[in-house]
Structure formats: structure tokens, C-alpha cells
Amino acid sequence: MKDSGIILCVDDDTTVLVALRTLLAHVFGSSHLVEIAESGDEALEILADLQRQGQQLSIIISDFIMPGMRGDELLIELHQRSPKTITIMLTGQSDFDGVKKAINQANLYRFLEKPFNHDDIILTVKSAFQAYEHEQTLCEQNTQLRGLNVELGEMLTKVKESERLLEERVKQRTSELDEKNQALQQALRTLEDVERIARHDLKTPLVSISAAPGLLRAGRTVSEHEEEILGMIESAANRALSMVNLSLDLFRMESGSYVFRPSMVDLKAIASSIALGLSAQAKSKYVRIQIVGACDDMIVEADDSLCYSIIGNLTKNAIEAAPEQSTVTLNIDVDPDNIEIIQLTIHNLGAVPLALRDNFFSKYSTAGKSGGTGLGTYSSHLLTTVQGGSLQMQSSELDGTCLSLRLKRGSAIKKLSCMRQQESPAMLDQNILRLLLVDDDDFNQMVMSEYIPESWFELDTAINGRMALDKVVEHRPDIIIMDLDMPIMGGTEALLQIRQSQCDRQDRPSFIIAYSGNDDEQSRSHYRQLGFDACLNKPCSREDVLAMLQLARDSIWNHSHP
């Protein structure tokens with residue numbers, strides 16, 4: 001209906017009606033029409049006429065006591081016919097029940113007593129018009145919103161169709177990959193399956209391969225040629241692991257849902273590994289890679305794979321930007337302005353184009369680089385930020401380009417041999433605890449066994465939950481590290497059966513740790529609800545394992561000595 005801004009005054013006293021019309025016409029007459037009626041029936045006839053003409057009654061001001069139809073009855077009837085009309089009652093002889101009925105059934109806006117005050121009437125009508133206009137605006141917006149919802153529904157239908165087509169293409173590609181790589185052993189049917197397989201079947205062996213050179217170096221002297229081969233294996237595994245981590249975590253970093261769990265990271269070791277891996281690229285354009293700085297280990301509180309991605313990407317860019325027969329320098333030292341910060345600078349003599357300098361770390365920012373996407377520096381800056389660090393760039397034609405990475409300096413992780421000893425005869429076997437490692441990956445078992453100190457733990461292993469259950473019944477372990485995805489019997493089923501078995505046998509519950517590649521907080525909370533005592537990310541570093549074992553020892557001690 002058309003909004004005419006019409007006010008209807010109803011009163012059986014013509015003197016009051018004339019006074020109201022004169023007052024309202026004087027104040028609102030230029031923009032609003034003032035109608036009058038001497039009874040409820042006449043008021044309803046006026047409303048019917050307005051509606052036939054396509055007009056909307058904005059406000060009605062009605063007396064309460066009138067012959068025939070009372071004011072509250074009129075307002076209730078009118079509200080049923082025109083719900084948007086603002087209702088105001090004006091009387092000096094009202095009763096509580098009548099006002100209550102008007103409030104409840106006619107959505108009464110105001111109640112004013114006679115004799116009325118001119119200012120009160122004017123203010124009330126102005127306020128009523130504002131409420132009416134606000135309601136009209138809301139109605140229009142709701143209409144627009146419903147239209148948008150229809151459009152959104154159509155868009156969602158198209159999106160679902162696109163997702164369906166995409167899923168079909170992913171399944172087709174997954175089937176091809178599964179035939180070429182029997183190590184995956186299962187089809188990739190959904191995007192969730194892709195992430196789960198990437199975390200469990202790709203990250204775990206990559207970390208194991210990355211750790212293998214360190215295990216081969218331990219306790220023996222390797223030749224220069226052997227060291228070169230081990231370094232190449234280490235560098236290749238770290239590059240692959242870095243790409244897997246970046247592809248899985250970049251979206252969560254951008255959306256703010258990524259959970260940063262720092263460990264102790266040796267920046268100098270990472271820089272040396274990267275320099276070795278990029279040495280062939282550098283030699284092809286006669287560029288020398290030089291690592292300088294303090295001799296001591298440069299340990300930071302960070303994520304190993306994220307640091308590898310940052311330094312690897314920035315060093316590769318520096319080699320590409322450096323002039324031939326020049327030097328790319330990686331300088332690692334304590335920040336001169338803050339001893340709690342480790343600073344790594346990467347310098348080359350090439351200059352960043354002037355047009356690119358102000359938005360160097362922006363997404364898709366690139367210039368003149370063949371095949372460049374502009375994601376490298378953006379992702380490096382994002383990976384630095386989520387670790388609580390900073391990444392800055394300075395560039396000039398004279399001095400070249402210098403990128404400064406700053407991360408929080410880390411304190412050395414205490415080895416398990418330095419754990420406080422619990423002086424208590426209740427600790428079995430002179431504080432040596434039985435630890436059962438359950439994992440179907442033989443190589444991962446070997447790496448984990450190297451992390452666990454023999455002087456503090458008697459280690460046993462199982463390749464699935466079924467074997468673990470047999471070993472728990474045979475000899476109760478104090479601690480169990482349980483992989484979740486295993487053949488025959490998975491970790492969750494094994495947990496439930498172990499808990500029930502120990503309850504039936506009245507054994508003290510083992511401290512059971514969920515060993516999983518799903519490191520988001522929702523998954524960790526779910527594992528704890530199932531009955532796991534703690535969660536260990538897979539893959540993990542030696543420091544992560546030692547910290548978790550310390551937590552388990554503390555828990556066992558507290559339960560043994562309440």
C-alpha cells in the first residue's frame with residue numbers, strides 16, 4: 001500500500017476532535033493528512049475507504065469512553081484490519097481492564113490522559129511516526145532480505161553442483177594416484193579423506209625419512225660423501241614436508257583457526273640444510289651461499305616445518321634475484337636490540353622493483369618473475385606472523401635486498417635424564433616405567449624408540465590395537481602411546497577395550513596418549529572425551545616426546561601420592 005502519512009482522531013466530543021485536528025494540522029499538516037471520526041463505526045468506515053484507495057493509516061488516536069463501540073474495542077478491531085497502524089488511547093475515564101485489553105490485543109503504543117497537554121500530544125505523535133517509519137523500513141528490508149535469500153539459495157544450488165562435479169574429478173584423480181602409489185592403500189573419496197591421508201600417510205613417513213640421517217650419524221663418523229648424501233635426503237624430506245604442511249595449514253592460518261604449538265627449533269641447522277639443497281641452483285648462475293653468525297646453536301620457539309618453508313622460500317627467491325657471480329648471505333645472530341629475539345637476515349645484491357616494495361608481502365604481489373604467483377612472500381609473512389615473529393624487507397639499488405626474520409629465542413629443552421627423580425618406593429623398578437608404543441609404521445617405531453631414553457623407560461611395541469590389548473593383559477604398562485589409524489584394530493577401539501579390561505581386573509589405569517595427525521583443538525577435545533589422558537601430535541619432535549613423557553610421569557606420581 002501507498003504510505004500517505006494519515007492520522008485518524010476518534011472522539012464523540014466534537015470539541016476535542018476540533019482541538020486535536022487544529023493542533024495536529026498546524027504541526028503536521030504540510031506533510032500529513034488529519035482525519036476525524038465521532039464513533040468507532042465511522043473510524044472503521046474511514047479505514048475501509050483508505051484501504052480501497054490503496055492508502056495506509058499511519059496513526060489512530062482514540063477516546064476510550066464512546067457510545068456504541070468503546071475505544072479499546074475499536075483499537076482491537078482496527079489492529080486486526082491494519083496491524084501496522086500505531087494505536088494511541090486518549091481518555092480521562094479509562095479502566096485498567098480496558099487499557100490492558102488494548103495493550104495486549106491492539107498493540108497499544110501510548111496511553112494519554114485528558115485533558116491532554118499539547119506538547120505531550122505533539123511529542124507522542126512524532127514518536128509514533130518515527131516508530132511507524134522504522135517499522136516500514138524493517139518491512140522493506142525484510143522483503144529485500146527474502147529476495148536475497150532466494151538468490152542465495154540459487155547460488156548455493158550452483159555451488160553444490162560445482163562441488164559435486166569437483167568431488168567427481170577428485171575421486172577420479174584419486175583413483176589414478178591409488179593405482180600408482182600402493183602405499184596409500186585407500187581411495188580418496190572426499191576432501192576430508194584427502195586431509196586425513198595427507199596427515200597420516202604422507203607426513204609421518206616424511207618425518208621419519210627426515211629423522212633417518214640423524215639416526216645414521218649417531219654414534220659413528222661418516223665420510224664426506226656419506227654426509228653429502230645424508231644431507232640431500234634430509235633436505236629433500238624437509239622440502240616435501242614443508243609443502244604438505246603449507247597446503248594443509250595455509251587456509252586455517254588465513255581464517256584464524258590455526259593453532260600454533262611451538263617447539264625448540266635450530267635455525268642454523270635449517271639454514272644449512274636449505275643451503276645444501278639449493279646449492280646446485282646457486283652454482284648454475286655462479287652464486288655463492290654463505291652462512292655467517294654466532295657459532296652457538298640458534299634455538300627459537302617456533303615450528304620446524306614452518307621455519308623451513310619460510311627460510312627455504314626466501315633463500316630460493318634471493319638466489320633467483322641475485323646477480324650472477326654474487327653472494328647470498330644468511331646471517332643468524334641474536335637481535336642487537338633484544339637478546340630475547342633471534343634474527344636471521346637474508347641478503348642479496350638484487351633490488352626489488354620500486355613498484356613492488358610497498359606491497360611486497362601482499363597476496364599475488366609479483367613482477368617480472370616467470371611463473372611467479374605472488375604467494376611465496378605472502379605465505380612466508382603469514383607463517384612468520386602465526387609464530388609470533390616478524391618479517392621485514394629493505395631494498396635499494398645501491399645496497400640490494402635484505403629480509404629480516406625475527407623469532408622468539410628459545411631456552412634449551414630439558415632432557416629426560418634431567419627430570420626430577422621422584423623419591424618414592426611406590427615407583428616400580430626404581431622409577432623405570434613400562435611404556436608400550438602402538439604404531440603400525442615400523443620406521444616410525446624405530447624413530448620414536450630413539451627418542452625414548454632407555455634409562456627411564458622399559459619400551460615395548462605393538463603394531464595394532466589387538467596386539468596392544470594382549471600385551472596390556474600380559475603385563476600392565478604405565479604409559480601407552482597409541483596410534484589411532486591402524487589395521488585389524490584401531491586406537492579408539494583398543495582404548496575402550498583396555499580401559500574395560502583394566503577395570504575388570506582392578507588394575508591401575510594406564511596413562512594412554514592419543515598419537516594422531518589431527519592436531520586441531522576439536523579433534524584433541526574429542527580424543528579426551530573418549531578417554532585418552534593426553535594427545536601427542538603426529539609427527540612429533542624429540543622435544544615433544546620428552547615433554548609428553550614428563551607430563552605422564554607427573555600424572556602417575558600425583559595419582560600414586562595423593
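Here is a short chat about a few spots in this predicted model.

Trainee: Hi! Where does N313 lie?
Mentor: N313 is part of helix α10, which covers residues 304-321.

Trainee: And which residues does N313 touch, not counting residues up to four places away in sequence?
Mentor: Those would be G376, T377 and S380.

Trainee: How far apart are N313 and S379 in space?
Mentor: Their C-alpha atoms are 9.2 Å apart, and in sequence the two residues are 66 residues apart.

Trainee: Back to the helix. At what angle do the axes of α8 and α10 cross?
Mentor: They cross at roughly 45 degrees, and the axes come within 10 Å; α8 is residues 267-277.

Trainee: Is the crossing of α8 and α10 left-handed or right-handed?
Mentor: Right-handed.

Trainee: Which residues meet there?
Mentor: From α8 you have L267, I270, S273 and I274, and they meet D304, C307, Y308, I311, G312 and T315 of α10. That contact divides into six nonpolar residues, three polar and one charged.

Trainee: New topic: where is I463?
Mentor: I463 sits in the loop between β14 (457-462) and α15 (465-474).

Trainee: Why is I463 called partly exposed?
Mentor: Because its relative accessible area is 38%, and partly exposed lies between under 20% for buried and over 50% for exposed.

Trainee: What does I463 touch, leaving out residues up to four places away in sequence?
Mentor: I463 touches D439, D440, Q445 and M486. There is also D483, 20 residues apart from I463 along the chain, with 9.2 Å separating their C-alpha atoms.

Notes
Residues numbered from 1 in each chain as written. Predicted model: local features only at pLDDT ≥ 70, side-chain atom pairs only at ≥ 80, totals over all residues. Heavy atoms only, no water. Helix = DSSP H or I, 4+ residues; strand = E, 2+ residues; numbered from the N terminus. Contact = heavy atoms within 4.5 Å. Buried < 20%, exposed > 50% of the residue type's maximum accessible area, 1.4 Å probe, protein only. Axes fitted to C-alpha atoms, helices over the stretch in contact; angles between N-to-C directions. Left-handed = near helix turned anticlockwise from the far one by under 90°. Nonpolar A, V, L, I, M, F, W, Y, C, P; charged D, E, K, R; others polar.
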